[in-house]
Each structure stands twice: as structure tokens, then as C-alpha cells.
Amino acid sequence: MTTNREQRAKQDVGQKVHRHAEAARSDATNGTYRAGFACFVGRPNAGKSTLTNAIIGQKIAITSSKPQTTRHVIRGILHREDAQLVLVDTPGLHRPRTLLGERLNDLVREVWSEVDVIGVCFPADEPVGRGDRFISAEMAELKATVLAVVTKVDLVSPQRLAEHLLAVSKLYAFAEIVPVSAVSGHQVSHLVDVMIKYLPESPQLYPDDVLTDEPEQMLIAELIREAALEGVRDELPHSIAVLVEEMMVEGALTKIYADLYVERDSQKSIVIGARGARLKEVGSQARREIEQLLGGKVYLDLHVRVAKEWQRDPRQLRKLGF
Ligand SMILES: Nc1nc2c(ncn2[C@@H]2O[C@H](COP(=O)(O)OP(=O)(O)OP(=O)(O)O)[C@@H](O)[C@H]2O)c(=O)[nH]1
């Protein structure tokens, strides 16, 4: 990590979402405290967000069965007696076709150059392919320790897993190869041990009760976006963006006003649905999730707006947080 890591961590604290962490306890502490940053990379749908959630133990990164839904750099923080592991969640690296694509790739490379440990994720249920080779080759110049994480092992036979591990080992000189299943929990804590082993000796970077430094509004926008995607059956994942315009606390109620941006009028009617039925559904699903996140009652006001070609427009991208 950069030399000003502690300073950055301190700055971040100012805008924290405070949650009470169920602190994970390690059995054996040898007196050395380690702290640092790690991220998972890998092709779309490799299981990075699910693994992040399994490690942190709370829904922070947004998962979806559709590829490339993770847009923002979202951190989860694992606190242990002997270590602090700060997870940075990145979007997948992909061939850029729009300005958004280019910005995402820049963002990914920036994160890679700053972390201490990178876990390259290879889904066990899919053969090693060109995308995996491409990402592995990108690891060569980095100072971070690079681990291979073979994900979704619950989906394959031991025989197939063994073949997969062999294929992965030939891709790159990984420091270690760890097979895991985020769904069954198999080897997740072992993976955490391995990641912590490669963190530098360092004082604690964040206070105990902090799980993420993602501004609350960003998390809320992602929950709304996730709910909106669930309702859309065709391939429009990149055509929806959400901006929380206003948040007001009135007694026990939090009022949230958010805009849901689509690119075209036709997409607007898909999102809204017949007589607003779909938007209503999206609203109530998102509201339930937000209430869980904030731990209180929420009033959610959603507006669908058309921002033509927002993915190609730098002004719109900035407004939407890219
Ligand atoms: N069976 C099984 N499914 C998993 C596991 N981990 C993830 N999945 C599923 O795989 C899909 C993709 O998982 P994500 O965590 O969203 O993948 P990602 O790598 O973050 O995807 P992008 O955001 O597209 O980069 C989801 O449907 C998950 O439920 C696992 O250990 N076992």
C-alpha cells in the first residue's frame, strides 16, 4: 500500500458508515499485528462479491447473477485480534467499448497498484479460458502478493477440481492456490488466514466498529440499482444508474429521494412497467433492503429519468459518481 495509508484511513473515518462488527477472533495470536488491503479480481461472475460478503459477514458488495454489476470500489473490513483485513471490491476488467468501460479499467488498475494482496478468482465450474490468462498476465508487474482463489468448489467433483487446480497453477507463479466455496463456507476462514499472512506488519488502520467506508448514499443507490435490475429480464445492466438526491431523517423515519437513470424512453417504460407496477415493486424491494441497512423505517421516493447516452457522456458520468 502507499506510504500515506494510515493518513488515508484516518481521512476515511470521517465519512464512515458505522456498524457493529461481529469481530472475528483468531485462536492463535503470536503477538504480531498485521493490517492491510486486499482485493479479488477475476472474470465477470467469478464470485468475487459473494466471497467478499462471506468474509465480511454482511451484505456490503452487491451481487447479482448478471455479470459486471459491481461498479464502485466498496470496502469491507474484517477485524481480528491479530489483524485487520480491508477488502476492496473492484469491477471486472473488460474490453472497453465506452467511456464508462475505460474509466472502470483505470479504476481497477489503480486499485491493483495499491493493495498488499490480490486474490485472482477462477470459478471451478468453468474451464480456464482466455479471460483468466489475460488477467493472470496483468499480475506480473505488481508489488502485491498474488494468490489464486478457485471459487465455487461446491459445484464440481473432486476429480474436476484437481484438474482445475492444475490448470490454474500453470497460469502464473501464484504465491498460493486456495480452493473455496463462498456458498457452503468451505475454506473461507483458511483463505482469510492466508491473506492475512501476506499483509504487512502494521498498526490497526480503522476503528473496531467500522465495516465499510462506503458513503451510505452509495450503498443505498446500489441497493436500488440491484432491485431495478432484478425486474429487467433483457440485457440492460449497464443502462441503469441510480443517484440518491436527498436523504432526510425525520424522527424515526428516513426519507430518501432517488433518481433512476436510463438511456432511452423505451427503457424507461420497461423499468416503470404497466401503470407503474414494476417500479412499485422495485421501490418496495429496495425499501426493505435499505431498512435493513439503516435499521429503521424508510420512505423511498423513486423517479425514473432519461439521460441520453449517459455512459458516453463525461458530465453525466461525473454526476453519477464515476
Ligand atoms: N454455487 C456457488 N455459487 C456461487 C459461489 N460464489 C458465487 N456464486 C454465484 O455466482 C454468481 C456470481 O457471483 P458474484 O459474486 O456476483 O460474482 P462477481 O465476480 O462479483 O461478478 P461481477 O460483479 O460480475 O464481476 C452469483 O449468482 C453467485 O450466487 C459459490 O461459492 N458457490
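This is a predicted model: local features need pLDDT of at least 70, side-chain atom pairs count only at pLDDT 80 or more; totals for chains, interfaces and linings use all residues.
1. Strands β5 and β6 run parallel and are joined by seven bridges. Within the pair, Val120 stands opposite Ala148 of β6. Between the two strands the chain passes through helix α4, residues 130-138, and this β-α-β crossover is right-handed.

2. β6 also pairs with strand β7, residues 177-179, again in the parallel sense, over three bridges. Here Val150 has Pro179 of β7 as its bridge partner. Helix α5, residues 158-169, forms a right-handed β-α-β unit together with β6 and β7.

3. How many residues of β6 are buried? Seven of the seven are, so the strand is largely enclosed by the rest of the structure. The burial applies to both faces: Thr145, Leu147, Val149 and Thr151 lie on one side, while Val146, Ala148 and Val150 lie on the other, and all of them are buried.

4. Val149 deserves a separate look. Leaving aside residues up to four places away in sequence, Val149 touches Phe40, Gly119, Val120, Cys121, Val178, Val180 and Leu191.

5. Which residues touch the most other members of the largest nonpolar core? They are Leu85, Ile118, Val120 and Val149, in a core of 44 residues. The elements giving two or more residues to this core are β2 (34-42), α2 (48-56), β3 (74-79), β4 (83-89), α3 (99-114), β5 (117-123), β6 (145-151) and α6 (188-197). Among these, β2 supplies the largest share, six residues.

6. There is also a second, separate core, made of 21 residues. Its members include Ile220, Ala228, Leu260 and Val271. As general background, nonpolar side chains in soluble globular proteins tend to be buried together.

7. Some totals for the protein follow. Its secondary structure comes to ten helices and eleven strands. Of its 322 residues, 36% are buried. Among contacts with a separation of 6 or more, 72% are between residues 24 or more positions apart.

Technical notes: Residues are numbered from 1 along each chain as its sequence is written. A nonpolar core is a set of buried Ala, Val, Leu, Ile, Met, Phe, Trp, Tyr and Cys residues joined through C-beta atoms within 7 Å. A residue is buried if 20 or more other C-beta atoms lie within 10 Å of its own, exposed if 12 or fewer, and partly exposed in between; C-beta atoms are placed from the backbone. Helices (H or I, at least four residues) and strands (E, at least two) are DSSP runs, numbered from the N terminus. Two residues are in contact if their C-beta atoms, placed from the backbone, lie within 7 Å. Two strands pair if DSSP finds at least two bridges between them. A crossover is right-handed if, with the strands pointing away from the viewer, the path from the first strand over the helix to the second runs clockwise.
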